[in-house]
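This report describes a predicted model of a protein with two chains. Please read it alongside the sequence and coordinates shown here.

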Protein chains: 2
Amino acid sequence: MMGARLSLHPMTDDFVPVILSAVDGLDQLGLKVEVDDVSTCLLGTEPAVFEGVRVAFGRAAARGAHVVASATFSAGCPGEPDGDICVPRAEPDTSGGQEGWSAEAYDLPDRIAAQFALYPLGRPDYMDTIYAQIQGVADAGLRVVGRHFCTHLYGPGQDVFDVLRMAFASARTAADHVVMTVTASANSPSPEESA
Amino acid sequence: MMGARLSLHPMTDDFVPVILSAVDGLDQLGLKVEVDDVSTCLLGTEPAVFEGVRVAFGRAAARGAHVVASATFSAGCPGEPDGDICVPRAEPDTSGGQEGWSAEAYDLPDRIAAQFALYPLGRPDYMDTIYAQIQGVADAGLRVVGRHFCTHLYGPGQDVFDVLRMAFASARTAADHVVMTVTASANSPSPEESA
């Protein structure tokens with residue numbers, strides 16, 4: 001079992017319907033969805049969790065306002081229940097691509113920014129894992145800026161989320177319990193910072 | 001050296017001046033401030049970093065719109081430069097309280113919600129540290145709801161930030177490198193969720 005805790009922040013007076021429509025029906029992706037007043041928790045298989053976050057962020061960004069998604073991905077936490085706690089959908093969705101994802105999971109903005117950090121827990125060699133992932137991301141062809149406490153990516157929404165997923169999966173091969181935080185931004189009025 | 005990476009999300013059409021005024025002049029608190037298009041990084045002493053986050057969140061919340069602050073606090077990261085990289089202010093500010101903080105650091109909403117998680121890195125016994133902090137927070141008198149991947153606090157803004165600071169400081173006694181993520185929400189139209 002893994003999951004993500006997601007907060008969507010549409011910077012508009014009309015933020016309520018943007019958020020509600022973004023997370024509407026995510027349980028139909030084979031996710032267990034828990035909504036509270038601060039965030040939405042998605043629990044399920046690894047592909048379904050990433051699909052759910054992509055769908056929600058893509059929907060919110062498509063409304064046009066500046067939107068930021070703040071997400072914490074977590075896998076292997078010893079304090080969480082183990083095993084499958086939700087029912088995967090019966091048939092893979094073939095409307096999207098080879099992932100078995102819905103077409104919505106690919107409907108992401110042409111350009112986004114994302115700051116992310118990986119936390120492999122419980123291992124003295126965790127910094128080696130982090131450095132390896134930073135290098136892996138640097139090799140992926142996106143614009144990458146190193147910052148205090150995070151790595152900052154710029155690129156097409158699909159590519160950025162693909163790289164984030166790859167980094168998380170790769171870190172999981174080195175540690176049982178891995179957390180990744182992501183702050184993804186679309187439609188920002190701010191120019192991309194160079195350093 | 002420690003720091004926090006802070007993103008402020010005022011859910012209003014007029015979000016730009018709310019953000020800019022919230023982080024304006026934080027360097028005068030003895031912090032090194034780095035602004036990019038996704039977040040603001042505050043580097044400095046432990047009290048100054050917490051003061052800076054409180055001041056920025058309080059200012060944004062005082063504008064009245066629903067605002068969420070997403071912050072990652074980090075101390076002891078082996079990949080970051082060590083030592084003091086900024087100049088503490090010459091004189092403690094006595095306009096606030098005994099912390100030497102400005103009065104603005106106490107100007108927080110009467111009621112906020114905050115979801116937080118602690119990540120003590122590099123130690124096999126990290127879950128013991130996390131459980132101890134969750135128990136410590138539960139004993140602090142706030143409303144506490146356990147959730148997947150985080151702990152959810154409700155209470156007066158000052159008390160919530162005091163408890164977060166205490167939990168972070170306490171975790172640092174058990175691990176050299178500690179990260180804490182916080183999603184703090186004010187002026188939300190959503191009712192407080194019970195579970």
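How many bridges join strand 1 of chain B to strand 3 of chain B? Five bridges join strand 1 (residues 2-10) to strand 3 (residues 40-44) of chain B, and the two run antiparallel.

## Basis

Residues are numbered from 1 along each chain as its sequence is written, and chains are lettered from A and ligands numbered from 1 in the order in which they are written. The model is predicted, so local features need pLDDT of at least 70 and side-chain atom pairs count only at pLDDT 80 or more, while totals for chains, interfaces and linings use all residues; side-chain values use heavy atoms, with hydrogens and water left out.

## Sheet of chain B

Chain B has an open sheet of eight strands in the order 2-3-1-4-8-5-7-6, with antiparallel pairing. Helices (H or I, at least four residues) and strands (E, at least two) are DSSP runs numbered from the N terminus, and two strands pair if DSSP finds at least two bridges between them. The edges are strand 2 (32-35) and strand 6 (143-147) of chain B, each of which pairs on one side only. From one strand to the next the twist averages 20 degrees.

Contact means heavy atoms within 4.5 Å; axes are lines fitted to C-alpha atoms, for helices over the stretch in contact, and angles run from 0 to 180 degrees between N-to-C directions. Helix 2 (residues 46-62) of chain B runs at about 5 degrees to strand 1 of chain B and lies across strands including strand 4 (67-75), strand 5 (112-121) and strand 8 (177-186).

## Helix 4 of chain B

The 16 residues of helix 4 (residues 157-172) of chain B should span 22 Å at 1.5 Å a residue, and the end C-alpha atoms are 23 Å apart, which agrees. The expected span is 1.5 Å times one less than the number of residues. Buried residues of helix 4 of chain B include Val160(B), Phe161(B), Leu164(B) and Phe168(B); buried means under 20% relative accessible area, exposed over 50%, and partly exposed in between (1.4 Å probe, protein chains only).

## Strand 5 of chain A

Nine of the nine residues of strand 5 (residues 112-120) of chain A are buried, so the strand is largely enclosed by the rest of the structure. Ile112(A), Ala114(A), Phe116(A), Leu118(A) and Pro120(A) point one way, and Ala113(A), Gln115(A), Ala117(A) and Tyr119(A) the other.

Five bridges join strand 5 of chain A to strand 7 (residues 150-155) of chain A in the antiparallel sense, with Ile112(A) opposite Gly155(A). Strand 5 of chain A also pairs with strand 8 (residues 178-186) of chain A over eight antiparallel bridges, where Ala117(A) has Thr181(A) as its partner.

## Interface

The contact between the chains takes 58 residues from chain A and 58 residues from chain B. About 4,400 Å² is buried between them, 65% of it from carbon and sulfur atoms. Asp37(A), His148(A) and Phe149(A) supply 19% of the area that chain A buries against chain B, more than any other three residues. Buried area is the accessible area (1.4 Å probe) that two parts lose on being put together, summed over both.

Two salt bridges are counted between chain A and chain B. In one salt bridge, the side chains of Asp36(B) and Arg147(A) meet at 3.2 Å, N to O; the criterion is a side-chain nitrogen of Lys or Arg within 4 Å of a carboxyl oxygen of Asp or Glu.
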